[in-house]
Amino acid sequence: RPGAEAWVPAAADLDALRSAAPGCRGCELYRDATQVVFSAGGAGARLMLVGEQPGDREDLEGEPFVGPAGRLLDRALDAAGIPRGDAYLTNAVKHFRFELRGKRRIHAKPAVGHVLACRPWLEAEFDVVRPRVVVCLGATAARAVVGSAVRIGEVRGRVLEEDRAGRPLPAPTVVTEHPSAVLRLRERPVREAAFARLVDDLAAAAEVAE
Ligand code: URA
Ligand code: SF4
């Protein structure tokens, strides 16, 4: 199957990965996106946070988590007492997938094929960053890291050590809600409760990373 493999440099450091990523043609998503959005943070980070894919703002700016979901994530990291320098932020899929509605670009969930195609980048990031803990933000990230579909409600609050095939994960892994899912909640008390759970999950992950 096609995938990013051919574009991921071997034994690369983070700079080498970041310079190679714009050339990736591992799936068709590069064609309509503005640019690749690779990651933020340094190789010394203890926590690796994996999102779904860049959003509209991220696509335009070339940086992950700079839009509304990113602001909510920033607040949650802050509330969990996690300094930004301790967190490496990346996504399961590195190009923005969207549908055009008039002139508006509407987020489209990446397909499983996109997640699989983009996996070699994530694996290279695991090798370089060697985080002490991985946090999957939402189901797409969980699919990329843990493999196969997981229900967030079933795995949240647990520390996973193996993927769905029983192979050891690159680091102890926690699955939580995507910040966008929190943002979408309409009623304020419901949203605030979801935010508090996200903060709790991040704080629990940070404890694993101690
Ligand atoms: N949502 C994500 O999953 N990743 C981003 O970078 C921004 C929004
Ligand atoms: Fe490559 Fe991933 Fe972009 Fe597809 S989404 S072109 S696999 S970087």
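These legends go with several close-up views of a predicted model. Local features are described only where pLDDT is at least 70, side-chain atom pairs count only at pLDDT 80 or more, and totals for chains, interfaces and linings use all residues. Residues are numbered from 1 along each chain as its sequence is written, while chains are lettered from A and ligands numbered from 1 in the order in which they are written.

**View 1. Helix α3 crosses helix α8.** Here you can follow α3 (residues 68-79) and α8 (residues 188-208), whose axes come within 8 Å and cross at roughly 55°. That angle makes α3 oblique to α8; angles under 35 degrees count as roughly parallel, over 145 as roughly antiparallel, 65 to 115 as roughly perpendicular and the rest as oblique. The crossing is right-handed, the term used if the near helix is turned clockwise from the far one by less than a right angle. Axes are lines fitted to C-alpha atoms, for helices over the stretch in contact, with angles from 0 to 180 degrees between N-to-C directions. Helices (H or I, at least four residues) and strands (E, at least two) are DSSP runs, numbered from the N terminus.

**View 2. Side by side in the contact of α3 with α8.** From α3, Ala76, Leu77 and Ala79 meet Phe195, Leu198, Val199 and Leu202 of α8. The residues of this contact are seven nonpolar, no polar and no charged. Contact is taken as C-beta atoms, placed from the backbone, within 7 Å. Ala, Val, Leu, Ile, Met, Phe, Trp, Tyr, Cys and Pro count as nonpolar, Asp, Glu, Lys and Arg as charged, and the others, Gly among them, as polar.

**View 3. Arginine 130 has a positive phi.** Its phi is near 40°, and its place is the loop between α4 (112-129) and β6 (133-137). Arginine 130 counts as partly exposed because it has 14 C-beta neighbours inside 10 Å; 20 or more would be buried and 12 or fewer exposed, with C-beta atoms placed from the backbone.

Conventions: Two residues are in contact if their C-beta atoms, placed from the backbone, lie within 7 Å.
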